Amino acid sequence: MATKTKTKANAEIGDEGEDLVLATMVANGDDISPLVRHAFEMGRPEGLLRQLNYVVKKKEAEIEDMCKTHYEEFIKAVDELRGVLVDAEELKSDLQSGNFKLQQVGTNLLVNLEELFESYSIKQNVTEAIIMSKNCIEVLELCVKCNNHITDGQFYPAIKTLDLIQRSYMKNIPARALKLVIEKRIPIIKWHIEKRVNSQVNEWMVHIRSSCKNIGQTAISRAVSDRQRDEELMERQRKAEDQNVVGVEERVYTLDVDEDDEDSAMKFDLTPLYRACHIYGCLGILEQFHVYYFTNRSAQLKSDLEISSSQSFVESYQTFLAQIVGYFIVEDRVLRTGGGLLVPDQVDNMWETAITRLTLLLNAQFSQMKSATNHLKVKEYVTLLSWSLLQYGYDIESLLDVVDNNRDKFHLLLMAECREQTIEALNHDTYELMVIKKESDYESNVLSFGLQTTDIMPAFPYVAPFSSMVPEMCQIVKSFIKSCVDYLSYGARDYFFDVVIRYLNNFLIEVINETLLNTINSSNISVSHAMQIAANFTSLERACDFFLKNAAQQSGIPLRFIEKSQMTLSAKAVLQTSRDATYITLLGLVNAKIDEYMNLTESVTLWTTEETKQNGNEYISELILYLDSLMSTAQQVLPLDAMYKVGIGALEHINNTIISAFLSDSVKRFNATSVMNIGVDLKLLENFADERFYSSGLEGMYKASSFRDCLVESKQLINLLSSSQPENFMNPVIREKNYYALDYKKVSTICDKFKDTADGIFGSLSNKNTKQTAKKKSMEVLKKRLKDFN
């Protein structure tokens, strides 16, 4: 019990301690929420409530103590409060009176204030309306400005105005209807601008297409000028090299592609194209324009690559090719300055398309051409096209391949045309020696082709050793060389001098040589014509050195290279062979003519006559006249060696004719008189042969064999038949000395036919009868010995 009491007392003491703490905190105005939270967290809210009640009771006790202490002051305060209440009543009355008056005044002010608020609202609405109106006006002004720009064709300002409207005004347009209208019209306006720009671009494309021909022709003309400068420079260099001149200025002329100069020369404007690119870029559809441009220009190219059916290619090729050149010059400028409008691959594709079509077309046209002149003209324009476009970086190998692949075709046509010219020159030739009357003609017909035989200028009039066909043929050959070089230069990529020489040899052999040989071998050729052609062969053979040098000069080969290498044309040897063949033909004609004069086997009286002819047989005078004319003509026309061959051949044929006549089956017998007459003929021929041989100056060149030597067989036969002791022929010593040219078999045959009559001229002369009889016996002895020898 005592323990419980003590515990309760302790608890009360503890509670009092807590109450004091709580009371202190309340008195101090501290926050007691932590105690409250702690009490509830500890699960002891009753203790806290009890403590609060204790604090309340304690505060009530304190208040009661304070009231007891200040009772008198409180009474006084109540009294004073009553007094204040009276004053308050008075004040209330005054306040009510003042409030009434204030309400009267405030009511009027409130009405005015409401009117002010209403006016302010109206003003604010009006201000907003003005601002909205200004915005609408500004938008409408921009719309009007955009329309004006479009009307004036100023599309870039128009697009910038539209962008300004969209960016800065569309969100602030208060009028919904206006905003909807503008939003609807902007795409339409942009579409309209796009169409207008497309229209301008299309007009530009039509204009530039019509201008491409002039652009291409201008570029090709400049290429021609550059080529001429190159040729002049090469010619000066060749002359300087041939003259061993040192320090020649070396310059290289190329097609100048400076843009300013190009603008002045080409005369085409890309401004509409640049403007269109800019407009499309502003519209945000630049890639669409790139596709549009490439598609349309490709279509134009396809159309340009179609040749006209109303004109032949020869008539239209210049315009056609110039159009292509102009097209790709324009595309090169667009590629370089168009800001990405074209890319290199696109230009390359267009060029591939063009080059494929061009190669097919040119190959087809070249294969159909029948004229070398037209072939060369087209080739020249193709190489000029190549030269022009090469300066802009285009690959021209395929075009040059076309030129190279058709050069054989060209040279066949060229040879055919030159063959016609050669035949025409032959038909117009008089086959007479060309007479040159003045120095200028000598230079143009002799010196210009290297046909002179001496460096000394001859006296005029000068008789050339050739007929008029020679300088004409030389001119034909010269033009052939030029055409060959013109075709091969600026096209062939190899060392084309060898090709020129090959074609030149072919032309000289297959055209010049064959044409002359065909003339020689024709059935109606005369001796004078054959002689003149033989002389012309000699002149043409001499001209071969000029042809070689001319080909070298035109091909850019220094002459010292030709001289050092001792190069010659193979055609020169062929012409020499043909000249020798011409001599053979000439001798055949001469021999045929001699046979017409002699014809010994058909004249019976010639072999059995008893009449001694002091001036020879009848034919001999005509024969000698013919030989004199022949040798005179040969001396004028042919060189001495050729003249010698003609004389030797003619006299040998006469000799063989006489021997053949004695051996002929047609001649059954002959007598001494005929032998005597033929001996007279031979004497006359020997006299003619000696006179012509020595008067022609041949003795210095041919000492070992003269014209007389050609008749030695006939002369020895006549001497044998006329000899009083013909059996001496069987004596080797005498035969070797006097009859070395005779064949014993022929002598045997001839002697069998030698049968003189008893009443002949020898028989009628009594003082010679003995000699004649002795001769007969001697001849019989010769015949017997010849038979025994056989």
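Analyst: Let us begin with one residue of this predicted model. Tyr 431 is found in the loop that runs between α14 (407-428) and β1 (435-436).

User: What is the phi of Tyr 431?

Analyst: As a general idea, most residues other than glycine have a negative phi. Tyr 431 is not a glycine, and its phi is positive, near 55°.

User: Is Tyr 431 buried or exposed?

Analyst: The relative accessible area of Tyr 431 is 13%, so the residue counts as buried, the cut-off being under 20%.

User: Which residues does a cis peptide bond join?

Analyst: In general, most peptide bonds are trans. Here a cis bond joins Phe 460 and Pro 461, with omega at about 5°. Pro 461 belongs to the loop between α15 and β2.

User: How is a pair of aromatic rings described?

Analyst: Two values are used: the distance of the centres and the angle of the planes. A search of the whole structure gives 26 aromatic pairs. In one of them, Tyr 327 and Phe 328, the ring centres are 5.0 Å apart and the planes stand at 75°, so this pair is edge-to-face. Tyr 327 and Phe 328 are both buried.

User: Which parts does the pair of Tyr 442 and Phe 460 tie together?

Analyst: The ring centres of Tyr 442 and Phe 460 are 5.9 Å apart and their planes are at 75°, so this pair too is edge-to-face. Tyr 442 is in helix α15 (residues 439-445), whereas Phe 460 is in the loop between α15 and β2 (462-463); the pair therefore ties together parts 18 residues apart in sequence. With 2% relative accessibility, Tyr 442 counts as buried, while Phe 460, at 29%, counts as partly exposed.

User: Which residues do ring pairs link into a cluster?

Analyst: Tyr 644, Phe 693, Tyr 694, Tyr 702 and Phe 707 are linked in this way.

User: At what angle do the axes of α22 and α24 cross?

Analyst: The axes of helix α22 (residues 618-637) and helix α24 (residues 672-695) come within 10 Å and cross at roughly 15°. Angles under 35 degrees count as roughly parallel, which means that α22 is roughly parallel to α24. Their crossing is right-handed.

User: Which residues make the contact of these helices?

Analyst: On α22 they include Tyr 619, Leu 623, Leu 627 and Met 631, and on α24 they include Asp 681, Leu 684, Phe 688 and Arg 692. By class, the contact of α22 with α24 has nine nonpolar, three polar and three charged residues.

Technical notes: Residues numbered from 1 in each chain as written. Predicted model: local features only at pLDDT ≥ 70, side-chain atom pairs only at ≥ 80, totals over all residues. Heavy atoms only, no water. Axes fitted to C-alpha atoms, helices over the stretch in contact; angles between N-to-C directions. Helix = DSSP H or I, 4+ residues; strand = E, 2+ residues; numbered from the N terminus. Parallel < 35°, antiparallel > 145°, perpendicular 65-115°, else oblique. Left-handed = near helix turned anticlockwise from the far one by under 90°. Contact = heavy atoms within 4.5 Å. Nonpolar A, V, L, I, M, F, W, Y, C, P; charged D, E, K, R; others polar. Phe/Tyr/Trp six-rings, centres within 6.5 Å; stacked < 30°, edge-to-face > 60°. Buried < 20%, exposed > 50% of the residue type's maximum accessible area, 1.4 Å probe, protein only.
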